[in-house]
Amino acid sequence: QVQLVESGGGLVQAGGSLRLSCAASGRTFSSYAMAWFRQAPGKEREFVAAIDRSGYGTYYADSVKGRFTISRDNGQNTVYLRMNNLKPEDTAVYYCGARRRDGPPGEYDYWGQGTQVTVSS
């Protein structure tokens, strides 16, 4: 089992940038494919970005392609989400997810508690 803790959220103006971090417990971080999802008020949780266990395979939602970058540091047990050119519609609670298999985004088995991102216009 893995425990996930997100950080790095906050309030930013439109056009600004943030970097989210998700720190994982345990010594088997490299065994987990990781992903970021988000949930805005009154909406369902939606996929944002995912990265394979090796870090070589990445996936993005169309709404964030070209603006967000997912990366991981297996030595630091951390996955990152760099968010540039933020828009008010990016406002949401961002969650980190983990699972023990690569492939296109789908179901994830472990979740963090989330970090709030608010983008003002």
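Two strands pair if DSSP finds at least two bridges between them, a strand being a DSSP run of E with at least two residues, numbered from the N terminus. This is a predicted model, in which local features need pLDDT of at least 70 and side-chain atom pairs count only at pLDDT 80 or more, while totals for chains, interfaces and linings use all residues. Residues are numbered from 1 along each chain as its sequence is written, and side-chain values use heavy atoms, without hydrogens and water.

Strands β7 and β8 pair in the antiparallel sense over six bridges, with Thr69 opposite Arg82 in β8. The two strands form a hairpin with four residues between them, and Asn77 in the turn has a positive phi of about 55 degrees.

In a regular strand the side chains alternate between the two faces of the sheet. The table shows this for β7 (residues 68–73); buried means under 20% relative accessible area, with a 1.4 Å probe and protein chains only.

| Side chains in β7 | Face | Burial |
|---|---|---|
| Phe68, Ile70, Arg72 | one face | buried |

Thr78 belongs to strand β8 (residues 78–83) and is buried, with a relative accessible area of 9%. Beyond its neighbours within four places in sequence, Thr78 is in contact (heavy atoms within 4.5 Å) with residues including Cys22, Phe29 and Arg72.

Cys22 and Cys96 form a disulfide (sulfur atoms within 2.5 Å), with their sulfur atoms 2.1 Å apart. Cys22 lies in strand β3 (residues 18–24) and Cys96 in strand β9 (residues 92–99), so the pair ties together parts that are 74 residues apart in sequence. Both cysteines, Cys22 and Cys96, are buried.

Terms used: Buried < 20%, exposed > 50% of the residue type's maximum accessible area, 1.4 Å probe, protein only.
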